[in-house]
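Subject: Structure handover

Hello,

Here is the structure you asked to take over. Please look through it first, then read the notes below.

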Amino acid sequence: MTAATAVLTELEPPPTRKQTTMRRLKQSRVLIVMCLPALIYFLVFAYGPMPGSWIAFTNYNYRDGIFGSPFVGMKNFEFLIQSGQLWLLTRNTILYNLAFIVLGNISQIALAIMLNEMRMKYFKKISQTIMFLPYFISVVLIGVIAFNLLNYDTGAVNALIEQFGGDPVKIYSAAGIWPLIIILFFLWQSTGYGSIVYFAAIMGIDSTMFEAAAIDGASAWQRIRYIILPSLKPTFIILLLFSLGGIMRGNFGLFWNLIGNNAVLFETTDIIETSVYRMIVSQNNFTSSTAVGLYQSLFGFALVMLCNWIVRRMNPDYALF
Amino acid sequence: MKRRTITKAGAVAATLALSSVALAACGSGGDSDGGNADGGASGDITPITMLVLGDKPTNGRLEAMLDELNANLREQAGAELSLYYVEWADWQTQYNVQLLANDGSVDLVTTATDWLFAWENAEKGAFLPLSEDMLKENAPKTWEQVSASGDWDLTKLDGEIYFIPEDNYTQYTNHGFFYRGDWAKEAGFANGEITKFEDFTQYFQWVKDNQPEAYPWDVAGANMAALTGYLQGHTDAITLQGVATGNYSIFETTKSDPYTISSNFMEGDALLEAAELAKEWNDMGVWREDAINYTGDTREEFYAGLSGADQHHTQTFLTQIVNNMTTKQEGSGPKMFYFGQENGNIFKDLKTHGAMAVSAASKNPEKALQVYDLIRNDQTDYDLLNFGIEGTDYILTDDGKLDYPEGYDSSTDALGSNFWGGRMDEYEYDKVTDAPNKWETYEALDAVAEDYPYETLVFNKDSIDSSLATIGGVLSTYLPQLMYGKFDDPAAAIEDMRAELAAAGYDEVRESLQADMDAWASEQGLK
């Protein structure tokens with residue numbers, strides 16, 4: 001606080017709460033205006049549709065609209081429980097997402113550090129571009145690529161196995177290995193793109209720390225261990241908290257295109273989205289799908305609040321709010 | 001100081017511009033395709049939008065056709081037509097979401113009772129009830145023709161007409177196998193004709209042994225024909241339309257007991273027989289080991305001589321397969337075995353397999369009906385909408401058949417207007433590319449096929465929606481494996497499936513459907 005403002009506050013009567021808010025709003029009006037697009041975006045696309053969630057509790061018809069249609073309580077949620085699959089689906093969804101989040105972040109950090117350690121400029125740029133590419137490949141194509149690699153009759157992997165005298169493997173009937181395959185495809189697709197944030201964070205580390213470390217004779221490994229990794233911690237935690245909110249949301253496109261209707265693999269690959277899709281695809285049933293979405297959102301919301309609370313207890317600086 | 005103000009003002013302006021772009025983006029509706037740039041702007045011309053199914057063509061031919069058509073429509077009805085496409089990707093959802101929006105952006109809606117949720121949407125209030133006066137006044141020709149055929153009853157819910165049937169258009173969408181006559185002959189079938197479902201084992205085995213390049217039946221993904229084809233020809237089951245459970249329709253009646261609902265998927269041995277045959281085929285290597293996950297274009301494989309069979313309906317056979325196979329695989333003598341051929345268990349297409357409804361939110365329902373009456377009954381308008389511009393999109397041969405101009409390639413040059421809610425036999429041309437025996441085929445089918453008996457039966461699914469979803473979930477974990485013969489012990493798998501179906505509420509669903517059936521049957525004086 002500058003001296004001038006300090007004098008000012010002493011002379012004026014203590015402002016009421018309302019006045020303070022008004023003044024603060026006035027002071028930061030430019031910032032508020034700059035926030036406007038984001039605020040409007042969230043109002044329109046996130047808060048605006050929220051009341052529409054009511055449809056999950058109605059027997060919807062066009063004439064009466066969302067709020068006029070008859071209220072049916074939890075009836076639209078019944079099929080989730082009735083199927084007896086809810087536990088399996090929730091478990092699969094959460095485990096996959098945990099694997100995606102943990103392994104994804106680790107490989108992104110590793111990749112960012114490796115890129116940072118590269119000294120040859122062109123090699124660095126080229127490898128960065130190549131790693132980036134898979135992100136822009138549609139999951140539909142990934143499904144096709146996977147089939148061409150893994151299928152029994154003509155797949156590349158089995159052709160290779162046969163070349164070396166082995167017996168071809170029925171990969172599309174082996175539920176046990178699909179978690180691995182799905183995670184590998186996910187990492188292949190997302191690591192390059194995801195590493196950018198970490199790479200940017202590394203770029204932002206105060207260079208005097210590296211200079212000091214160099215003078216002290218730190219090795220490359222020690223530089224990574226004692227400077228880079230600790231400096232990435234806040235970024236890591238923020239990204240972690242963000243992604244936890246979506247932990248109940250499956251990567252529908254990837255799973256559907258890799259697995260589709262292959263029920264042999266469902267034990268280890270069926271997630272909430274794919275299962276619900278199969279149940280109500282031709283049912284013209286918006287209320288049940290909204291019910292599922294609501295279940296996922298509420299669960300995700302609770303999880304973010306919980307994790308944020310835990311983080312805040314451990315270190316308030318790292319918490320989102 | 002001044003500079004700061006300018007900067008601020010600039011920031012505010014930029015922000016507002018950005019937000020308005022964001023808002024504008026969510027306000028612009030779909031990819032509706034105006035036929036004429038100045039359409040709608042002029043005072044007396046009413047724009048009418050028709051929702052059609054299919055991928056929106058991008059070759060410019062549709063726009064050219066609409067320009068000509070709209071010149072007529074402006075004069076005849078003071079209206080202009082544009083088409084709104086619900087594309088094939090995820091069409092079930094997109095179609096219903098478009099109707100759910102109910103925002104007046106479409107006036108005419110292509111619908112169907114067996115595949116486009118017509119009853120459900122009528123029940124939910126998406127369609128405008130059409131009064132007799134309204135129809136007589138605005139669509140007199142349509143009114144007259146449908147009345148003469150006595151078909152309005154097929155479109156009534158609680159006594160009100162909700163859509164207009166495509167009831168004067170001959171087509172057969174009954175399914176079956178397409179196979180090669182030349183190979184069948186070598187496989188030992190007289191005249192190369194296969195007349196029983198099980199006989200395909202012999203045909204497939206011959207292909208396996210003698211055509212090493214080809215799969216006996218290259219089939220992909222969601223296909224169910226190995227089960228449903230068998231059931232149709234070995235039972236007298238009639239599959240009920242409009243009660244989907246996930247991707248499947250399992251509720252049936254039988255010809256011997258037409259008012260009692262049951263299901264071969266739940267009772268009897270026919271499903272097991274079908275599954276055992278499918279397992280035999282799987283073990284023979286009739287299809288790819290990983291057929292369930294295969295997404296390739298199996299029809300192209302058939303055209304290329306790399307598959308011994310293909311599977312779809314009569315219409316596909318007559319209008320595409322015969323022409324393509326005779327040119328791409330000379331001497332292949334393509335033939336079709338239709339499911340139910342053994343026991344005559346086949347049905348004609350529903351007269352509401354195609355239909356047109358007026359959206360409940362349409363701002364100009366009368367005008368929409370006037371436009372519909374023209375595109376259904378005015379030969380010039382009909383030809384333009386369905387076939388395009390004569391000379392560039394099609395030509396007429398001296399004997400009155402429809403042909404295509406030199407250099408026309410149906411895969412890139414198609415008009416794609418997809419008017420499937422009001423075609424008329426008297427305005428249709430025979431195509432040069434049609435199978436030469438098209439009409440004989442229709443006559444032969446007419447001789448055996450019956451009318452679907454429950455065209456006016458509408459099920460109320462409010463109380464069973466959740467069980468239907470659960471049943472769909474159970475089926476989706478068993479039927480693909482049964483169809484592709486992947487269970488080592490199909491009998492045990494079917495037993496498990498039936499136990500799960502029972503737990504999912506099969507009996508309650510059946511009873512609820514049965515109650516609707518009983519009410520309908522007594523209403524119709526049938527029972």
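I start with a charge over a ring: A:Arg225 lies over the face of A:Tyr226, at 4.9 Å from the ring centre. The term applies if NZ of Lys or CZ of Arg is within 6 Å of the ring centre and within 35 degrees of the ring normal. In chain B, the charged end of B:Arg288 sits over the ring of B:Tyr294, 3.7 Å from its centre.

Two notes on the source. This is a predicted model, in which local features need pLDDT of at least 70 and side-chain atom pairs count only at pLDDT 80 or more, while totals for chains, interfaces and linings use all residues. Residues are numbered from 1 along each chain as its sequence is written, chains are lettered from A and ligands numbered from 1 in the order in which they are written, and side-chain values use heavy atoms, with hydrogens and water left out.

Aromatic pairs

Over all chains, a search of the whole structure finds 65 aromatic pairs. Rings of Phe, Tyr and Trp (its six-membered ring) pair if their centres lie within 6.5 Å; planes under 30 degrees apart count as stacked, over 60 as edge-to-face and the rest as tilted. A:Tyr96 and A:Phe100 form a tilted pair, 6.1 Å centre to centre with 45 degrees between the planes. These two residues are separated by about one helical turn, because A:Tyr96 and A:Phe100 are four residues apart in helix 6 (residues 86-117) of chain A. Helices (H or I, at least four residues) and strands (E, at least two) are DSSP runs, numbered from the N terminus. A:Tyr96 counts as buried at 6% relative accessibility, and A:Phe100 counts as buried at 6% as well. Buried means under 20% relative accessible area, exposed over 50%, and partly exposed in between (1.4 Å probe, protein chains only).

B:Trp88 and B:Trp91 form an edge-to-face pair, with 6.0 Å between centres and 85 degrees between the planes. B:Trp88 is partly exposed, at 34% relative accessibility.

A sheet in chain B

Five strands of chain B form an open sheet in the order 2-1-3-12-6, and the pairing is mixed. The edge strands are strand 2 (79-86) and strand 6 (164-165), each of which pairs on one side only. Two strands pair if DSSP finds at least two bridges between them.

One of the partners in strand 2 is B:Ser82, which bridges to B:Thr49. How many of the residues of strand 2 are buried? Eight of its eight residues are. Side chains in a regular strand alternate between the two faces of the sheet. In strand 2 both faces are covered: B:Ala79, B:Leu81, B:Leu83 and B:Tyr85 are on one side, and B:Glu80, B:Ser82, B:Tyr84 and B:Val86 on the other.

B:Met356 in strand 12 is the bridge partner of B:Ile164.

Loops in chain B

Most residues other than glycine have a negative phi. B:Phe117 is not a glycine, yet has a positive phi of about 60 degrees. B:Phe117 is in the loop between strand 3 (108-111) and helix 4 (118-123), and is buried at 8% relative accessibility. Phi of B:Asp158, also a residue other than glycine, is positive and near 50 degrees. B:Asp158 is in the loop between strand 4 (156-157) and strand 5 (160-161). Is B:Asp158 buried or exposed? B:Asp158 counts as exposed, at 76% relative accessibility.

B:Trp217 is placed in the loop between helix 8 (200-210) and helix 9 (225-234). B:Trp217 is buried, with a relative accessible area of 1%. The C-alpha atoms of B:Trp217 and B:Leu306 are separated by 9.0 Å, although the two residues are 89 apart along the chain.

B:Ser249 lies in the loop between strand 8 (237-239) and strand 9 (252-254), and is partly exposed at 34% relative accessibility. B:Ser249 and B:Phe265 are 16 residues apart in sequence and 9.8 Å apart in space, C-alpha to C-alpha.

Regards
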